[in-house]
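Trainee: Before we discuss any detail, could you put the sequence and the model on the screen, and then take my questions one at a time?

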Amino acid sequence: MKKIVFVLLSLVPIYVMAQDVIVKKDGSTILSRILEVSSSEVRYKKYSNLDGPTYTIEKSKIQIINFENGDSEDFGRNSYNSGVNIKSPIYNDWNSIYVKYNSSTIALKEGDDKTFSGLSVGYTHSFSVLKTSPLFFETGAIIQYLFSSRKVNALDVYDLDKRIIGTEHQIKDKIDYLSINIPLNLLYKINIPNSQLSFAPFLGVVGRFNLYANERTKTGEDLQKKLDYLASLLGATSEFNSTGHDDNLLKKNNHFYEDKWGVFQIGWHIGTNVYFNKHIMAGVSYGTDLMEITKDTKLKNLSVSLAYIF
């Protein structure tokens, strides 16, 4: 009977997700908030009085600790005194709120690549594939903003008689790019023994919906006068000016790419997350498009993330 009660008590965290549960070798339990696990003892606060005193219990008196995030640490696995068959750890779902720094590149088959910087914010939920296995499926929604800004040296400008009227002038070029990313990842979470640290390598695909992509070009006033003069000789008007010219890259007939940018792309990425405790995570990932964003053009992305876990 004692064994049955003990096993039932070890299942408490399946139903009570807000506290750590210390299961002692005598079958009794302590609802707690674990503060520290050392080589010989465990420091904790009673969950019913988190502002109260800190208690200490010897590890030799503990059979298992079921943590609120679903992980378990078995202290009695090699003990022959209890004779209890301890249940496998239970792995539960969790939520993440992300902030990411992105360093991205639009890779062209011809011409110079364009580099972007930016930030992402978003939410993901990690589902336990099997409650007794640390394999998780993660999905969510992440808003990503990227921008690119550079100064381009213009080529020589000629008049109708092929005389140079301008050279080595600078054109300022800026791209603003906004998208929503939907990740579909598989993670495998690995706990570090006797530590709060764990890490989770992951691999997945990303669906990206492009909401806004605008390229603005701005010429210097000196070059603008020469471009206006050349356009007047041709009976036309220069589309570039010192106040800036905007081009919607998601529409046809933009000036900088042969085709408009696609509204949707699929890509892949790989990376790893490091969990410092129950609530703080940092990660790094790298990925590229599987579908071209426009003809002969793909986006590559390196990101560093920080997340709050709950």
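Trainee: Is Tyr44 buried or exposed, and at what relative accessibility?

Mentor: This is a predicted model, in which local features need pLDDT of at least 70 and side-chain atom pairs count only at pLDDT 80 or more, while totals for chains, interfaces and linings use all residues. Residues are numbered from 1 along each chain as its sequence is written, and side-chain values use heavy atoms, with hydrogens and water left out. Buried means under 20% relative accessible area, exposed over 50% and partly exposed in between, with a 1.4 Å probe and protein chains only. Tyr44 therefore counts as buried, its relative accessibility being 7%.

Trainee: How many aromatic pairs does the structure hold, and which residue forms a stacked pair with Tyr44?

Mentor: Rings of Phe, Tyr and Trp (its six-membered ring) pair if their centres lie within 6.5 Å, and planes under 30 degrees apart count as stacked, over 60 as edge-to-face and the rest as tilted. The structure holds 9 such pairs, and in one of them, at 5.7 Å centre to centre and with 20 degrees between the planes, the stacked partner of Tyr44 is Tyr55.

Trainee: Which strands does that pair link?

Mentor: Strands are DSSP runs of E with at least two residues, numbered from the N terminus. The two residues are 11 apart in a pair that links distant parts of the chain, with Tyr44 in strand S3 (residues 41-46) and Tyr55 in strand S4.

Trainee: What is the strand order of the open sheet of 6 strands, and which are its edge strands?

Mentor: Two strands pair if DSSP finds at least two bridges between them. With antiparallel pairing, the order is S4-S3-S2-S1-S5-S6. Pairing on one side only, the edge strands are S4 (55-58) and S6 (72-74).

Trainee: Why does Tyr98 count as buried?

Mentor: Tyr98 is found in strand S7 (residues 94-108), and its C-alpha atom is separated by 6.7 Å from that of Ser305, 207 residues apart along the chain. Tyr98 counts as buried because its relative accessibility is 5%.

Trainee: Which side chain makes a polar contact with the side chain of Tyr98, and which residue lies over the face of Tyr98?

Mentor: A polar contact is a pair of N or O atoms within 3.5 Å, where within protein one must be able to donate a hydrogen and the other to accept it, and residues adjacent in sequence count only if both atoms are side-chain atoms. At 3.1 Å, the side chain of Tyr98 has this contact with the side chain of Glu138. A charge sits over a ring if NZ of Lys or CZ of Arg is within 6 Å of the ring centre and within 35 degrees of the ring normal; at 5.3 Å from the ring centre, the residue over the face of Tyr98 is Lys100.

Technical notes. Helix = DSSP H or I, 4+ residues; strand = E, 2+ residues; numbered from the N terminus.
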